[in-house]
Amino acid sequence: MAFKHQNSKSSSSSFSSFRSTTLLTLALVLTSFLLFITPPARRNLSDPYFRITEDVRVEVDVHSDLREIQSPWNNLCFGPAMEKLKLGVFSKTWPVGTHPGGMERHAKQLYTDLAARGHEIHVFTVPSDRRPHPDIHQGNLHVHFAANDHGSVNCSLAFQIFNSENDALPFDYVHGESVSLPHWRAKMVPKAKVAVTWHGIWYEIMHSKLFQGLVLDSQGSTFGTELRDVMPKLVEEIRFFPSYTQHICISKSAAEVLTNIYQLPRRNVHVILNGVDNTVFTQEPEAGERFRNKHGIPLNASLVMGVAGRLVRDKGHPLLFDAFSKIAKRHPGVFLLVAGTGTWQKRYMELGSSVKVLGALDASELAEFYNAIDIFVNPTLRPQGLDLTLMEAMHCGTPLLTPNYPSITGTVIINDGIGYTFSPNVGSFVEALERAIIDGPSEMHRKGMACKAYASSMFTASKMASAYERFFLCMKNSRYCRYPLPTDC
């Protein structure tokens, strides 16, 4: 939204418009406070390891309709599929080369697993490195690259390839990763057989801008402007979401927003959590010891913390930098391992001998990294989606310390036995770090075992693929919507 200041009258009008939009933004923030900001109650369990399954159990009536279930599908046990599917997928990028992002890794994991289950998968996307590459055809997996001159998805070309494949043999269903399939294109899919997995929505981005403004913009110079700019996009998103038939959320809190704020039919909103390869990310203390020795972690370190991902502002690294600066002065024996690249890489080096910056790591190195640390810290200021790093660390038996966003507390850190949470400000962050330091490595190990147990029950790649498989079968034929079926476990 742009404002022109041609005279005093238009200036006054623009100011009124700005003020009205700002007030509208703040009103929406305040009215949604209880839904989004307030984390769900978490029990302080006396024995979190052995009670972990009680918190995640889903009560399912005999012959329930899966379309009515509001809990994550990952917690259900589906049997083998009795028929095969042909699926069309629109994804923003496909991982090519080293160090892919979280969404790219998610896409490759999911569609490779579905293809391995015998389903014919066609992915319409572009290479993550934005360079020309030949299409990929590996068994049942077919990746069609359709890039424009800038390396982004050419929607017209992608849909042309899609139509060609659909004419040869119609797709059973079409799936999009976020807005990779634009809503005006979704309306062109025959019989409206479209589902979208949302890895972040503008309602969550609005809160992200709010937190970043409070933490990073101390002068308030851009705070009002960024919130004002979010509002039209949020309203537009709420209006076009009904263009998609089914909606899959990767956290329970996002599903609540889609039904309560976006006003989508509850029957059309589902929760399927992301999963990671637990054959790669597994608990191996020996690998952790080798990693520590390789990178010169002091033997007398009282507690080793770790952070991984893009080292940029919106991932909360200014917050971690300030918090750890204070912690290092109070507890000189605490050590911080930083995995990743970005603008804050050099800043961390300023903290001296209590911090080691490793750079980017591949998957096998990341698994060793998680095994080498006592606790995994995620300082993100982006409460949209769920970082795969949380799940990877849990599979390696490493507890978590994260912001108390509903997407995390409602889905990942479901009780105090799994880790620690803090409000996204330096004071609360330091308090959480202090609690972890006081608890020490032995308590970290205990919480890590609870993390591993919970991750194994919810965040595996096989559970994710099984849930998506049953979802698409259910969308194709309603008899697969009954749960449990005789073939289910």
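Modeller: Cys489 is exposed, with a relative accessible area of 57%, where exposed stands for over 50%, buried for under 20% and partly exposed for what lies in between, using a 1.4 Å probe and protein chains only. The structure is a predicted model, in which local features need pLDDT of at least 70 and side-chain atom pairs count only at pLDDT 80 or more, whereas totals for chains, interfaces and linings use all residues. Residues are numbered from 1 along each chain as its sequence is written, and side-chain values use heavy atoms, with hydrogens and water left out.

The partner of Cys489 is Cys77, to which a disulfide joins it with an S to S distance of 1.6 Å; a disulfide is taken here as a pair of cysteine sulfur atoms within 2.5 Å. The torsion about the S-S bond of Cys77 and Cys489 is about -100°, so this disulfide is left-handed. Cys77 lies in the loop between β1 (64-65) and β2 (86-90), while Cys489 belongs to the segment after β16 (482-483), so the pair ties together parts that are 412 residues apart in sequence. Helices (H or I, at least four residues) and strands (E, at least two) are DSSP runs, numbered from the N terminus. Cys77 is partly exposed, at a relative accessible area of 33%.

The search of the whole structure finds 2 disulfides, and the other joins Cys474 to Cys481, with 1.9 Å from S to S. The link of Cys474 and Cys481 has 95° about the S-S bond and is right-handed. Cys474 counts as buried at 3% relative accessibility, and Cys481 is buried as well, with a relative accessible area of 1%. When the bonded cysteines of the chain are numbered in sequence order, the pairing reads 1-4, 2-3. As for other cysteines, Cys155 is partly exposed, with a relative accessible area of 27%, whereas Cys249 counts as buried at 1%.

Turning to the rest of the fold, the chain has 17 helices and 16 strands, and of its 489 residues 54% count as buried. Among contacts (heavy atoms within 4.5 Å) between residues at least 6 apart in sequence, 70% join residues at least 24 apart. The accessible surface of the chain, from the Shrake-Rupley method with a 1.4 Å probe, comes to about 21300 Å², of which 52% belongs to carbon and sulfur atoms.

An open sheet of 6 strands has the order β12-β11-β10-β13-β14-β15, with parallel pairing, two strands being paired if DSSP finds at least two bridges between them. Its edge strands, each of which pairs on one side only, are β12 (355-359) and β15 (419-422). Within this sheet, 2 bridges join β13 (residues 375-377) to β14 (residues 400-403), and Phe376 has Leu400 as its bridge partner in β14. Helix α13 (residues 363-372) packs on the sheet, touching β10 (303-308), β11 (334-339), β12 and β13, and its direction makes about 150° with that of β10. Such angles run from 0 to 180 degrees between N-to-C directions, along axes fitted as lines to C-alpha atoms, for helices over the stretch in contact. Helix α16 (residues 426-458), in turn, lies across β10, β11, β13, β14 and β15, and runs at about 175° to β15.
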